[in-house]
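Subject: Structure handover

Hello,

Here is the structure for you to take over. My notes on what was found follow below it.

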Amino acid sequence: MRIYADNAATTKVSPKVIEVMLPYFDKVYGNPSSLHTRGQEAAEALYEAREKIASLIGAEAREIYFTSGGSEADNQAIMSAARAGAKKDKKHIVSTKFEHHAVLHTLKRLEREGFEVTLVDVNENGIVKAEDIEKAIKEDTCLVTVMFANNEIGTIQPIAEIGALCHEKGVLFHTDAVQAAGHLDLDVKALSVDMLSASAHKFHGPKGVGFLYCKRGVVLKPLIEGGAQERGKRAGTENIPSIMGMAVALEEATSKIKENTEKLIPMRDKLIHGLEKIPHSRINGDKEKRLPGNVNICFEGIEGESLLLLLDAKGIEASSGSACTSGSLDPSHVLLSIGLPHDVAHGSLRVTISEETTDEEIDYIIKSVGEVVEYLRGISPVWEELIKGKREFILK
Ligand SMILES: *Cc1c(COP(=O)(O)O)cnc(C)c1O
């Protein structure tokens, strides 16, 4: 049995999406900038994809800009708002401690350029409070950027509330909706967002393509210079097959949100209940306000990497927010942001299921994680100290 339980990292491309993409490689392969028939066929397809995506999020076609993915959309939204802000002497940005690195590292770059960044705390359940965002906004704030749903712990943020207060205060609001798109309803008007990032490979579309919604009237500056594609905001010949695939993937995923949510929540909760029975463990993130497919849990006394490798040997593909996976010695900034001590954060496991996950797979995951945790604790010097009382348990 091989079980894919890492859908927050990426998803399988849906068969319908692959089918839709194929003709754009060898039949409708023109460059949309070309004036001849083949070029104009591609231009029409591009327009169709733009309209489709716009209508799925309550936007207009001209408010959608295609990018190479979520990272680029995040970079462009933030850099653009910062450049526009600097012109008006507004060089302060508000965000949160547990954003994706595409946001955090862009903000770091801006700090080096002289911008001031306030990273608001999230609570121990992994939710940012709208009132804390409000308190952080100053006279010279040019942007607030808060993710819709966290990629590690799956918690869903009060985006509509934050959007409303940003509008009241006249501050631009961007949301990284990469984990939310195709999984939660997105209506840019109801959410009061000015900019929103999404990435196709997180909702059963292809990798390397995403989009940025930017509300009409909001200044958008290009990140990549060159031709006049995307109305001069993103140079480079459009990736038509992927863009067509993304539009259909978003349509398919959006049409199945209700059905998938109803299917996934009971499986997610079964997984949570099964795993939290393991002694000295803790579920990370709010149990209600979380993505239907996300489970994140810490086990005291073990290392996340060992857990992942042994689970992989049992055919289970999951993820961890612990050190080596991210190539650094520090555990995930997300787990630290919700107040977990380093020792506990190192023993984390993220299981992200999809609508293809079965009940048998859930049972197998619960059983296997239990066995692997027990085995690893049996050979762990830290665990030995804990049970001998030489060290205090942090998780009861
Ligand atoms: C995956 C992800 C990104 C990056 O998207 P790419 O398309 O892989 O560049 C950004 N933000 C969040 C929350 C993500 O989960």
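How many disulfides does the count come to? The count is zero, where a disulfide is a pair of cysteine sulfur atoms within 2.5 Å. A disulfide is a covalent bond between the sulfur atoms of two cysteines. Cys214 cannot form one because its sulfur is 14 Å from the closest cysteine sulfur, that of Cys142, which is too far for a bond. Cys214 is also buried, at 2% relative accessibility, and Cys298 is buried at 0%. Here buried means under 20% relative accessible area, exposed means over 50%, and partly exposed is in between, with a 1.4 Å probe and protein chains only.

Before the rest, some notes on the source. This is a predicted model, in which local features need pLDDT of at least 70 and side-chain atom pairs count only at pLDDT 80 or more, while totals for chains, interfaces and linings use all residues. Residues are numbered from 1 along each chain as its sequence is written, and side-chain values use heavy atoms, with hydrogens and water left out.

The ligand

There are 13 residues around the ligand, and Ser71, Asp176, Gln179, Ser199 and Lys202 come nearest. A residue counts as near if one of its heavy atoms lies within 4 Å of the molecule or strand in question. By class, this shell holds two nonpolar, eight polar and three charged residues. In that scheme Ala, Val, Leu, Ile, Met, Phe, Trp, Tyr, Cys and Pro are nonpolar, Asp, Glu, Lys and Arg are charged, and the others, Gly among them, are polar. Helix α4 (residues 70-87) gives the largest share of the shell, with three residues. Helices (H or I, at least four residues) and strands (E, at least two) are DSSP runs, numbered from the N terminus.

- Ser71 has a polar side-chain atom 2.7 Å from an oxygen atom of the ligand.
- Asp176 has a polar side-chain atom 2.7 Å from a nitrogen atom of the ligand.
- Gln179 has a side-chain N or O atom 2.7 Å from an oxygen atom of the ligand.

On its own the ligand has 380 Å² of accessible area, and the protein covers 86% of that. Accessible areas come from the Shrake-Rupley method with a 1.4 Å probe, and for residues only the protein chains shown count as cover.A polar contact is a pair of N or O atoms within 3.5 Å; within protein, one must be able to donate a hydrogen and the other to accept it, and residues adjacent in sequence count only if both atoms are side-chain atoms.

Glu230

Where is Glu230? Glu230 sits in the loop between β8 (210-214) and α8 (240-255). Glu230 is buried, with 4% relative accessibility. A polar atom of the Glu230 side chain lies 2.8 Å from the backbone nitrogen of Phe66. Apart from neighbours within four places in sequence, Glu230 is in contact with Arg50, Ile64, Tyr65, Phe66 and Glu238, contact meaning heavy atoms within 4.5 Å.

Two histidines with positive phi

Most residues other than glycine have a negative phi, and most peptide bonds are trans. His204 is not a glycine, yet its phi is positive, at about 65°. The loop between β7 (195-199) and β8 holds His204, which is buried at 14% relative accessible area. His280 is also not a glycine and has a positive phi, of about 55°. His280 is in the loop between α9 (257-275) and β9 (281-283), and is buried with a relative accessible area of 19%.

Positions in sequence and in space

Ala130 is in helix α6 (residues 130-136) and is buried, at 7% relative accessibility. Ala130 is 36 residues from Cys166 in sequence, and their C-alpha atoms are 9.8 Å apart. Leaving out residues up to four places away in sequence, Ala130 touches Pro158, Glu161, Ile162 and Leu165.

Lys314 lies in the loop between α10 (304-313) and β11 (316-317). Lys314 is partly exposed, at 30% relative accessible area. Along the chain Lys314 and Met1 are 313 residues apart, while 8.0 Å separates their C-alpha atoms. Met1 is also one of the residues that Lys314 touches, together with Tyr364, Ser368, Glu371 and Val372, when residues up to four places away in sequence are not counted.

Tyr47 is in helix α3 (residues 37-56) and is partly exposed, with a relative accessible area of 47%. Tyr47 and Ile297 are 250 residues apart along the chain, and their C-alpha atoms are separated by 43 Å.

Regards
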